[in-house]
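This report goes through selected aromatic contacts and helix packing in the structure shown here.

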Amino acid sequence: MPSGKKMYSTELKLKVVQRYLKGDVSIKDVAKEFNVDKSDVRKWRDAYIQNDIEGLYTTHGSYTGDFKISVVEYIHNTGASIRQAAAYFNIPSPPTISKWEHIYFEQGKEALYIDNRGRANKMKNTMKKESQKKNVQENEDLLTEVQRLRMENAYLKKLNALIHAREKSGKKTK
């Protein structure tokens, strides 16, 4: 059986939340009773409190750059935690917001408009590497040519100075 995140029905999530909200048991006890993780109980509770039953529906999708920016800025303007923001905006996976926040501060908010889902295209990477190698070789060739031209220029200056010096000394002896 492949490892990964378990999928739970909306009905189960609702039962778990309602059981917890009765107030006579802890999150740990509810998690044990329904054989689910404590963090899931917290996430479902927060989502239910913020968005009622709609917060418990499993949603998958992509988000616009503007939406991502508004989520990150909401966190920093209100002081909300990532889990609270996930519940407020009905985002099923709080680590998603963490990634957005990292991108926002490392690369700027414009980077949130770029869709980085899926695997990286290996062809693009190999083409980039080939292009970089080509650029390095071109740069080395240009540097070699510049050095050759400098030596040639220095040689011609020296030759010109010797010829000029010989002409001066030849005029004095006549």
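This is a predicted model: local features need pLDDT of at least 70, side-chain atom pairs count only at pLDDT 80 or more; totals for chains, interfaces and linings use all residues.

Phe105, by contrast, is exposed, with a relative accessible area of 51%. The rings of Tyr104 and Phe105 form an edge-to-face aromatic pair, with 5.0 Å from centre to centre and 75° between the planes.

## Helix H6

Tyr104 is one of the buried residues of helix H6, a group that also includes Pro94, Ile97, Trp100, Glu101 and Ile103. The cover over these buried residues includes helix H3 (38–51), helix H4 (65–78) and helix H5 (82–89).

H6 itself runs over residues 94–107, and its 14 residues reach 20 Å from the first C-alpha to the last, close to the 20 Å expected at 1.5 Å a residue. After H6 comes Gly108, which has a positive phi near 95°.

## Aromatic pairs

The structure holds 9 aromatic pairs. In one of them, the ring centres of Tyr88 and Phe89 lie 5.0 Å apart with the planes at 85°, so this pair is edge-to-face. Tyr88 is partly exposed, at a relative accessible area of 39%. Ring pairs also link Tyr88 and Phe89 into a cluster with Tyr63, Phe67, Tyr74 and Trp100.

## Packing of H1 and H2

Helix H1 (residues 10–21) packs against helix H2 (residues 27–34) at an angle of about 145°, with the axes 10 Å apart, and the crossing is right-handed. On the H1 side, Leu12, Lys15, Val16, Arg19 and Tyr20 meet Ile27, Val30, Glu33 and Phe34 of H2; by class, this contact has 6 nonpolar, no polar and 3 charged residues.

Conventions: Residues are numbered from 1 along each chain as its sequence is written. Side-chain values use heavy atoms; hydrogens and water are left out. Axes are lines fitted to C-alpha atoms, for helices over the stretch in contact, and angles run from 0 to 180 degrees between N-to-C directions. Helices (H or I, at least four residues) and strands (E, at least two) are DSSP runs, numbered from the N terminus. A crossing is left-handed if the near helix is turned anticlockwise from the far one by less than a right angle, and right-handed if clockwise. Contact means heavy atoms within 4.5 Å. Ala, Val, Leu, Ile, Met, Phe, Trp, Tyr, Cys and Pro count as nonpolar, Asp, Glu, Lys and Arg as charged, and the others, Gly among them, as polar. The expected span of a helix is 1.5 Å times one less than its number of residues. Buried means under 20% relative accessible area, exposed over 50%, partly exposed in between (1.4 Å probe, protein chains only). Rings of Phe, Tyr and Trp (its six-membered ring) pair if their centres lie within 6.5 Å; planes under 30 degrees apart count as stacked, over 60 as edge-to-face and the rest as tilted.
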